[in-house]
Amino acid sequence: MATTCYELKWLRSLLADLGISHKGPMHLHCDSQATLHIAKNPVFHERTKHIEVDCHFIRNEILQGTIQPSYVPTQEQLADILTKALGRHQFQTLLNKLGICNPHAPP
């Protein structure tokens, strides 16, 4: 989440340099409810000490209104088509959601 947030902030800065303003929060979709809970919870647990800096960064961006994280179930996570080995049904479902079709397939 932290890496994606850094990239989103960079893209916003690039757009501002090009004269395009984006005032609202940037939506960040995540399929891990635990990650979202840790990012919003100010109390750190023993198992999260190694990611404390990233958690502070994400929490500050949420409080400033820069990003707005939201939960997306794993079955609906479009990025999975690019990052995971999926079964045929899940692969076809995500292809359809992206609007990708096989131009050589019969109608």
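Visitor: Is Leu-14 buried, partly exposed or exposed?
Guide: Happy to start there, with a predicted model whose local features need pLDDT of at least 70, while side-chain atom pairs count only at pLDDT 80 or more and totals for chains, interfaces and linings use all residues. Residues are numbered from 1 along each chain as its sequence is written, and side-chain values use heavy atoms, without hydrogens and water. Buried means under 20% relative accessible area and exposed over 50%, with partly exposed in between (1.4 Å probe, protein chains only). Leu-14 has a relative accessible area of 34%, so this residue is partly exposed.

Visitor: Which helix holds Leu-14?
Guide: Helices (H or I, at least four residues) and strands (E, at least two) are DSSP runs, numbered from the N terminus. The protein has 5 helices and 2 strands, in the order α-β-α-α-β-α-α along the sequence. Leu-14 falls within residues 2–17, which is helix H1.

Visitor: How many aromatic pairs are there?
Guide: Rings of Phe, Tyr and Trp (its six-membered ring) pair if their centres lie within 6.5 Å; planes under 30 degrees apart are stacked, over 60 edge-to-face, and the rest tilted. By this rule the count is 1.

Visitor: Which residues form the stacked pair?
Guide: The ring centres are 4.2 Å apart, with 15° between the planes. The partners sit 51 residues apart, in helix H1 and helix H3 (residues 52–64), linking distant parts of the chain. They are Tyr-6 and Phe-57.

Visitor: Which residue of this pair is buried?
Guide: Tyr-6 has a relative accessible area of 43%, so this residue is partly exposed. At 14%, the buried one is Phe-57.
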